[in-house]
Amino acid sequence: MNIATAAALISFSLLAFPQARADGPAVLLDATGFNTVLARADERLYISGQPTPEGFARLRKEGVTTVINLRTEPEMSALPFDEAATLADLSMDYVHLPSGGPDTPYAPATLERFADVLATAEGKVLLHCTVAWRASHLYAAYLYRHRGLSLEDAIARANGINFGGLPIEGFLGESLEVRAAQ
């Protein structure tokens with residue numbers, strides 16, 4: 001590889017995957033291969049809508065080794081591919097934490113399992129759901145409960161991804177009256 005090719009690859013990598021600070025807002029990335037959104041929340045965590053097999057392969061090349069999926073079984077049965085098999089083929093760990101719906105309500109146990117997986121995963125982690133709403137809410141709950149951010153700051157950080165209109169109260173196990181900073 002010549003110097004010009006190497007420089008071009010480095011430039012593309014910096015544009016496609018800019019660095020997010022642990023204490024700063026998430027960085028929205030090119031969402032090609034992902035439903036609606038792909039964001040780098042911090043140095044180790046990506047948050048997205050449903051990836052395609054190509055989206056998973058793209059993140060594998062960036063060092064993602066663990067995928068946490070919040071989609072329910074009925075949602076997963078509608079996919080045109082087998083996510084678990086796709087990830088096995090890519091040598092990525094798969095953690096399914098179905099959340100939402102009558103059989104799998106939002107719950108503090110999901111937050112604790114997410115925190116455990118994030119703490120023990122080797123390499124980078126992708127957290128996804130359908131369009132990143134649930135994932136953004138779980139991320140806000142994590143920032144509040146495990147990283148010590150105020151609830152307002154946690155919601156503001158998650159709102160920069162795709163917070164949508166779903167409540168985080170279920171993940172926290174308590175009712176909240178809070179308005180996100182504008």
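Okay, quick definition before we start: when I say two residues are in contact, I mean they have heavy atoms within 4.5 Å. And keep in mind that this is a predicted model.

Let's begin with helix 7, residues 151-159. Which residues are buried there? They're Leu151, Ala154, Ile155, Arg157 and Ala158. Those residues cover an arc of only 160° around the axis, and that's why they end up on the same side of helix 7. What covers them? Helix 6, residues 133-146, and helix 8, residues 169-172, are included in that cover.

Now for the inside. Nonpolar side chains in soluble globular proteins tend to be buried together. Here, the largest nonpolar core has 36 residues, and the ones touching the most other members are Leu45, Ile47, Ile68, Phe114, Leu127, Tyr139 and Tyr142. Strand 3, helix 5, strand 6, helix 6, helix 7 and helix 8 each put in at least two residues. Helix 6 gives the largest share, with 7 residues.

Take Tyr139 as an example. If we skip its neighbours within four places in sequence, Tyr139 is in contact with Ala41, Leu45, Ile47, Arg157, Ala158 and Ile161.

Last stop, strand 6. Of its 5 residues, 4 are buried, so strand 6 is largely enclosed by the rest of the structure. Who does strand 6 pair with? Strand 3 runs parallel to strand 6, joined by 4 bridges, and Ser48 has His128 as its bridge partner. Strand 4, residues 64-69, is also parallel to strand 6, with 5 bridges; there, Ile68 is partnered with Leu127.

Conventions: Residues numbered from 1 in each chain as written. Predicted model: local features only at pLDDT ≥ 70, side-chain atom pairs only at ≥ 80, totals over all residues. Heavy atoms only, no water. Buried < 20%, exposed > 50% of the residue type's maximum accessible area, 1.4 Å probe, protein only. Arc of directions from axis to C-beta. Core = buried A, V, L, I, M, F, W, Y, C linked by side-chain atoms within 4.5 Å. Pairing = 2+ DSSP bridges.
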